[in-house]
Amino acid sequence: MNDAVAQRKIAFGMPLIGPEERAAVAEVLNGPCLTHGPRVKEFERAFAEFTKAPYAIAVNSCTAALHLAYLAMGIGPGDEVIVPAQTHVATAHAVELVGARPVFCDSEPRTGNIDLDQIESLVTPRTKAISPVHYLGLPVDMKRLVSIANSKGLRVIEDCALSLGAYESNVHTGLLGDCGAFSFYPAKHITTAEGGMFITRDEQLAKRVSAGRAFGIDRNIVSERHLPGAYDVTALGLNYRMSELNAAMGICQMQRLSEILARRNENHARLTALLRQIEELELLSSIRIDAVNSHYCHVAILRGRLANRRVEIIERLKQIGVETSVYYPRPIPNMTYYTQRYGYTERDFPIAVRLSNQGIALPVGPHLTPDDMVYVAAMLKQVIREVASRG
Ligand SMILES: *Cc1c(COP(=O)(O)O)cnc(C)c1O
């Protein structure tokens, strides 16, 4: 590599935090109300408006939203939930947390999403739900998934941590099944530092999740409690509330969302065109008829004899300032906790293993420009050739 080449620093992810967020958080700190205030409601309203969700409930992580969904549905010991093997551990942990069993399903080779051809064979009399993940922002074929779920009487909990701004048939992800859970962790589309959102069309579910996020209390402190202490506890609950500080950030982030999505889309399109010219790479399909992808990142899979050279390639890229990532580093059933519990092996999930071992996740976030994409593709090509020539 010619070290005289002008180097850029390409971060994998970088939240867009501006003077608006800083002022909004300072305003909360200077005011009387750190939690139970108007900002959480305003953030929920903005999120509901964007997604067209009848109910949007802010919580302190996507994991919390998923956990509350299972609690609200009464899913627990003795029940099974089908989840993708290739996902964030939270998708499966939320099932474990209520004492139910996650049953893992391999990925579809073309997109990396849960393999719908395998779902029916995993359904048992104990199966209660399916939790699809819109992997990298490409919506799962929800028409087909929901029809499978309906034919078996299963609930559908969408993990939308990577799919803010992703739609099928003009319906936002999270509203295609029974409910959806979003993440506002810093690497995601928008951030509140830590945070999450639960959305649904189901009033009963919304009521239970809303109570569950605050100890199971039957009344909201701001609008319904006229006297201190005038509340009853009608269910077991947790404290999964979002604070006013996080919500203040969220409100500002929602105002940036259209721009964020447009930039991701533009970067992704540019990067796709360039990566197609690198013959050592296989690209996951990122389009589906009648669906909108939220373009979380781009995963390129190393082919042939480069398949086991991923570590060298990502290390070299890092050295020259190009950060990459892996989505996700190991299929969840092959993580120690799940292997010890259920005895899965890597042979059970060949497609997920391939994505984990041979995939390189490349950034397309709004902190980067199409010109940066040209740079990323050029550096990747150069490093691939360099590693290949070392034999
Ligand atoms: C990031 C992520 C989560 C976890 O989100 P938190 O807000 O950190 O709880 C869950 N599922 C998927 C698919 C994710 O990528």
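**Exercise 1. State how the lining of the second largest pocket divides by residue class, and describe this pocket.**

Solution. The lining of the second largest pocket comprises 11 nonpolar, nine polar and three charged residues. In this classification Ala, Val, Leu, Ile, Met, Phe, Trp, Tyr, Cys and Pro are nonpolar, Asp, Glu, Lys and Arg are charged, and the others, Gly among them, are polar. The model is predicted: local features need pLDDT of at least 70 and side-chain atom pairs pLDDT 80 or more, while totals for chains, interfaces and linings use all residues. Residues are numbered from 1 along each chain as its sequence is written, and side-chain values use heavy atoms, without hydrogens and water.

Next, the space in this second largest pocket is about 410 Å³. Of its 23 lining residues, His-88, Ser-183, Tyr-185, Ala-187 and Lys-188 are the closest to its centre. On a 1 Å grid over the protein atoms alone, a pocket is an open set of points with protein on both sides within 12 Å along at least five of seven lines; a cavity is a set where a 1.4 Å probe fits but cannot get out; lining residues have an atom within 4 Å of a point. Points are joined across faces, edges and corners, and a volume is the space filled by probe spheres set on them.

**Exercise 2. Describe the largest cavity by its volume and lining.**

Solution. There are four cavities of 30 Å³ or more. The largest has a volume of about 150 Å³. Its lining has 21 residues, and nearest its centre lie Met-14, Ala-187, Lys-188, Arg-264 and Pro-366. By class, this lining holds 13 nonpolar, six polar and two charged residues.

**Exercise 3. Identify the residues that come nearest to the ligand.**

Solution. Of 15 residues around the ligand (a heavy atom within 4 Å), Thr-63, Asp-159, Ser-183, Lys-188 and Tyr-328 come nearest. Polar contacts, pairs of N or O atoms within 3.5 Å, follow. A polar side-chain atom of Thr-63 is 2.5 Å from a ligand oxygen atom. For Asp-159, a polar side-chain atom lies 2.7 Å from a ligand nitrogen atom. Cys-62 places a backbone N or O atom 2.9 Å from an oxygen atom of the ligand.

Note on methods: A polar contact is a pair of N or O atoms within 3.5 Å; within protein, one must be able to donate a hydrogen and the other to accept it, and residues adjacent in sequence count only if both atoms are side-chain atoms.
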